[in-house]
Amino acid sequence: MSADRGVVVVGASLAGLRGAEALRRGGYAGPLTLVGDEPYQPYDRPPLSKHVLAGELRPDATALPHLVDLDATWRLGQPAVGLDRAARMLRLADGSALPYEKLLIATGARARSWPVTEKTGPLPSGIHTLRSRDDAAALRAALAAGPKRVLIVGAGLIGCEAASCCRDLGLAVTLADPNPTPLARILGSRIGGVIVSCLDTAGVDFRPGTHVDAFEADAAGRVCRARLKQGAAIETDCVIVALGATRDTGWLAEAGLMADEGGLTCDVACRALDADGQPAPGIYAAGDVARTPNPLHVGRLAAFEHWGNAVAQAGHAARNMLAAEDDQQEYRHLPAFWSSQFGINIKGVGLADGADTVAVMQGSRASRRFLAVYGREGRTIAAISFDQARWLPAYAERIEAGVAFPPILGATDQSIKDFGVPDFPQPRSR
Amino acid sequence: MTEPHETGARPLRVVVDLNRCQGYAQCCYAAPEQFEMRGHEILFYDPTPPSEKQAEIARAAQACPVRAISFDTGAKA
């Protein structure tokens, strides 16, 4: 590797940090630069929608430990705005250019914001998203001010965690989602129904089958009402838009890579692909932004917004960055996530969406403590635990091995009486 | 805006891989003020403990049966 150019990591979050550390661990001793659009050292996101909102942790307490002495140059608060692959130069927002020998793209994703058009006019104030440290700090301040009713639009993981926090703070909360239950896209409504009972117990006003159409402002320009597509309205003075994330690839628009808001497409070795589908020399990607084929999900490209994937994929990309052309190893990763909400620890492995059957293997939905597995065409593809985490690794192994569904029969404490269609919503039209 | 290199000591920082964590709660015995179980198996921890807790944090990391706890002491290698 050319000594003066070195490695540049774009994106100073979990994947960027762990990727940089893996390069050093792998013996890379040359120049190393980390570029980040936020002014902060890499921080941990999962606490933001939980303990930071709850006021238990300060936003700056989320800074991640450095596990290796990086001896790196940091360009923080400095978004990358363009990439000249021919010259191997990264362009930064301040107009400077950063030459690289190898590039690790880990720019992640941004919260999907509420669409603003000429017709809608500017958004009222008091409408939040929740992804970055600044988002969490602003939302925490808004919640601490004691809004009359918080409206959360979108009952995915972030929306549900925020709803749980708001109830812990004693705030009135409405949670609106077009699907019949929360977490419908990732778990299906059969399991998502357990969260409906949690919302009910916690006193959240859950509105399934609800489409928010527009927001109205009071005379001071603050949000005061959400209008629903069905014609009704919800009075609210604090809105959390929790509609997922779009991948941060806008800065790559002119780079000639296969990138859009769904991610930067990579090959199995985490190498970014150019517009012709060929690996771009020296360019790798990892974390939320990287859309990769996964040997465990044949024929499907996926970009995971998972903590564990950010760590593992960044480490793998770094390994390949230091390896010879003929030693580019395939990234194999079983997706895994966790969430805590309403006092329950939820953990999942594999990808449940697309399953045709779900069976409760241990515990029961009624007790809100169970382990369920998902099958597709007779194969076990995913497992989810509600306060049953110790069973999960055993199922993870079976999912990786692609065993028949249902797996692990005859274990103690087990009788499969609860199985059926998972009830996923129709895929979104794109 | 360029910061040439990392400078100075950073505070004690802790992160737990909650995919790995199985709720064995050994960390809660090793460092009771820094780790806390909530409900059946939710782990809450202090990601920025005071530096005098370093020995406790090290014991917690050692005690974890699934090696889920990472920390850095802020000291330069």
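Helices and strands here are DSSP runs, helices of at least four residues and strands of at least two, numbered from the N terminus. Keep in mind that you're working with a predicted model.

**Exercise 1.** Find out which feature UniProt puts at residues 7-313 of chain A, and how much of that span is helix and strand.

*Solution.* Start with the record: the unreviewed UniProt entry labels residues 7-313 of chain A "domain: FAD/NAD(P)-binding". Next, look at the secondary structure: the span is 21% helix and 30% strand. Finally, check the ends: their C-alpha atoms sit 17 Å apart.

**Exercise 2.** Work out the strand order of the open six-stranded sheet in chain A, and pick out its edges.

*Solution.* Walk across the sheet and you'll read β3-β2-β1-β7-β21-β20 in chain A, with mixed pairing. Now for the edges: β3 (73-76) and β20 (271-273) of chain A each pair on one side only.

**Exercise 3.** Zoom in on β1 and β2 of chain A: how do they run, and which residue partners A:Val8?

*Solution.* First, place the strands: β1 covers residues 7-10 and β2 covers residues 32-36 of chain A. They run parallel and are joined by four bridges. Then take A:Val8, whose bridge partner in β2(A) is A:Thr33.

**Exercise 4.** Decide what the predictor's scores say about the complex and about chain B.

*Solution.* For the complex, you get an ipTM of 0.93 and a pTM of 0.94. Chain B has a mean pLDDT of 87, with 83% of its residues at 70 or more. Then check residues 1-8 of chain B: pLDDT is below 50 there, and the stretch has 12 contacts in the model beyond near neighbours in sequence.

Technical notes. Residues are numbered from 1 along each chain as its sequence is written. Chains are lettered from A and ligands numbered from 1 in the order in which they are written. This is a predicted model: local features need pLDDT of at least 70, side-chain atom pairs count only at pLDDT 80 or more; totals for chains, interfaces and linings use all residues. Two strands pair if DSSP finds at least two bridges between them. UniProt positions are given in the numbering used here, feature names are shortened, and annotations may be inferred rather than shown by experiment. pLDDT is the predictor's confidence in each residue, from 0 to 100. Two residues are in contact if their C-beta atoms, placed from the backbone, lie within 7 Å.
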